[in-house]
Amino acid sequence: MTEDAVAWVLLAVVTAYACAGGTDYGAGFWDLLAGGTRRGKRPRWLIDHAMEPVWETNNVWLIFVLVIMWTGFPVLFQTVFTAMWLPLALAAVGLVLRGAGFALRKPTQRLAGRRVYGAVFAVSSLLTPFFLGAAVGGLATGRVAPGTEASADAWSNGTSVIAGLLTVAATAFLGAVFLTADARRFDAADLVGYFRLRAWCSLAVLAVLACVGLVVTRDDARYVHDGLTSGIGLAFVLVAVVSALATAVLLYRAATGWARITAVASVALVVVAWGLAQRPYLIPTSLTVSEAAGATTTLRWLLLVTAIAVVLVGPPLVLLYRLDTAGALQPLTEADLRRTAAGREPESP
Amino acid sequence: MNSAIDHFLADGPAQLLPARELMAFTLGSHILLVPFGVALPAITLLMHYRGLRKGDAVALLLARRWSAVMAVQFAIGIVTGTVLSFELGLLWPGMMGRWGDVFGLGFGVEAWAFFLEAILIAIYLYGWRRLKPWTHFWLGLPLPLAALMGAFGIVAANAWMNTPRGFSLDASGKPVDVDVRRAIFTPMFGPEYWHFVVGVVLTAGYVIAGVYAVGWLRGRRDRYHRLGFTVPFSVAAILTPVQFMLGDSIARSVFHKQPVKFAATEIVWKTDTHVPEYMFGRLHADGTISGGIKIPQLDSILAGFSPDTKVTGLSSVPASDRPTATQATIAHWAFDIMVTIGSLLVLLALWYGWCWLRRRDLPRSPWFFRCAAVAGGACLLTVECGWITTEVGRQPWIVYQNMRVAEAVTDTRAPTLWTMLGLVVVLYVLVFGAFLTVLLRMSRRWRLADEGAGTAAAPGDVEGDTPYGPRPLSTTGGKDGGGT
């Protein structure tokens, strides 16, 4: 069915955002915990370099999530943004602070300015995923239904808090794994160990939070809990656990390239498992996919637009990541922006 | 303005005014960055091409510096733009819930186009050092196309709000039988799109040229400033008369498709022929007009090329279905300011064109450069004015004749929204202030470096050498990579 296909697209885009955006938030998280100016200099240097070329792309996924929600499932969009008003508003504020902080830190040369922008960037890297996760967790509890008005209860309950913390921990995990790989890529041997340790720690925290989450959701978000602990949902969760453990081992063996893949897989599988667990609902247990679906013609067009986009956007996206991992993407330095810059002789076409 | 606030308050729920102000403020801020998001890559690529083609180091330096500016500007544009997507849900859930599937597809196109733009811009901005020069240029070349595609989606959505179609209503008033093609290509789409695209390109052109016009006036009359001025100014000057025609054409489309909005922008009260044109002036609630310059017959002539043209007046629809007198006055002033600035810019473009044709050189008069220096700011003002004209002129509708703004607004309580507005204003002032400061510092740094070219580092760099963060990898990689 068309609406199911669009729901799958939505889930795929949410997963992509969780992984790409998550890595990005995670880098910000470690920026926050990197310590003072002197101690944090090296990790921050790496974080800046690793994030720079790709952070905008990583965060554009969020816009798709919103667009597919309102075009494909208008009622879902209306319900979520009405009931989850405050966390989403705060997440939006966090996005502004984060982006602005990161973008302005780089061209700023004064230390005081860099400190302020860096702090703003790092703190909002923590808060934004927390609020987004809390909103998603609140939806899983069934406290929200079409027509529900905004209330603190919808997003400040146990499940929401755990979901928010899990989101932050997952971003920290992804960020640390990717930064370990980047440290190797940039030949910064000291930072490999630094971020590897952090990846292991965040994985441990993640495991503890997941166990707490299992207990909390048992009564609080029964439908999703059942979906995640039985059938296909459970299978996905188990595979996710295996790949998370594999990540830990791969990091130990210094196979950072593979570790990146398994880390992304573990987060992606959990998101997909959560999506499967709440089938056929978009909001358990009040709004199903077919109830929320917009006009069929629009959904078909949305799929068509998506298909065209995959063809158009896919290759450049692959190119970007390849160029980035090959080290071909480097920021312009002050020296390049000087009149004395060695003008590279242009070739003939 | 106070009476405007009274009207707003009287018209809808208490949260309507803060919701509106919040949307207006965030969109009004974001729109200032839009011209650069759409057109700065194109103008930079033009300069880049010149640099590569002619082996011109100055042109390449300009293109690199514009890239450095673009990197910051694009990031601020992304975050302020994402806020708008959130606000569609946070402020206007009623509109998105009811109409999302009818007009949302434009946003779908926009989102993917924007994704493509983000990818390509990353490759372009970070490709200067390591990619082969021409490969780098060709990878950047699709950027303007992606930007045009993105603009397509956004303008399609806005045009639909002005002239909604592509659906029918069932008994309960819900839209059914959605026809996506008709919903995207609405009557206002074509005029709005071309007016928008040309408008943002020429705005970006004038703003960039203005920077170098200031340098020129301060006596920095070197090739660097000449080139930095000429390329963007020529683009803008060529487009200015085109925009004048397009603006005239969109006004006539509004006259045909949204007669009440046209009446508001021209403060026409009574449907009539031989309608006079008012330059500025103020419309009162009883239909009288005070102040302004009255030109007999002109409005009818502009609308239909003949004084006998019948122009629909505001009073042709009930007061609840049309903008209030204050709103009409706001839209009218915005429209007149836009037209006035547009006309002055045509004169400026002609001045430039005349000198170029006669002497193949820039005008000599400092007054030309003074005008060119303020043209960018004036253009940004017209962008705001154009947007105010179309949005305020549509009131009280969010979806013209189908949904009122008051029906679409969130249930969030007014105090919450006022608090959020206060927070956002402070935040945006800080972000935009920091953005401008960073740009000015960059420009100052480059200027100092240029003046002291050859000598070692400029004084401002002393602190820069011991940054909080990293130094770039490549050239100084050894120093950093070793660890200290």
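Me: What makes B:Cys355 count as buried or exposed?

Reply: The relative accessible area of B:Cys355 is 7%. Buried means under 20%, exposed over 50% and partly exposed in between, with a 1.4 Å probe and protein chains only, so B:Cys355 is buried. This is a predicted model, in which local features need pLDDT of at least 70, side-chain atom pairs count only at pLDDT 80 or more, and totals for chains, interfaces and linings use all residues. Side-chain values use heavy atoms, without hydrogens and water, residues are numbered from 1 along each chain as its sequence is written, and chains are lettered from A and ligands numbered from 1 in the order in which they are written.

Me: Why is B:Cys371 called partly exposed?

Reply: B:Cys371 has a relative accessibility of 31%, and therefore counts as partly exposed.

Me: Why is the pair of B:Tyr206 and B:Phe233 called edge-to-face?

Reply: Rings of Phe, Tyr and Trp (its six-membered ring) pair if their centres lie within 6.5 Å; planes under 30 degrees apart are stacked, over 60 edge-to-face and the rest tilted. The centres of B:Tyr206 and B:Phe233 are 5.3 Å apart and their planes stand at 75 degrees, so the pair is edge-to-face. Both residues, B:Tyr206 and B:Phe233, are buried.

Me: What makes A:Arg198 lie over the face of A:Tyr194?

Reply: The criterion places NZ of Lys or CZ of Arg within 6 Å of the ring centre and within 35 degrees of the ring normal. A:Arg198 lies over the face of A:Tyr194, at 3.7 Å from the ring centre.
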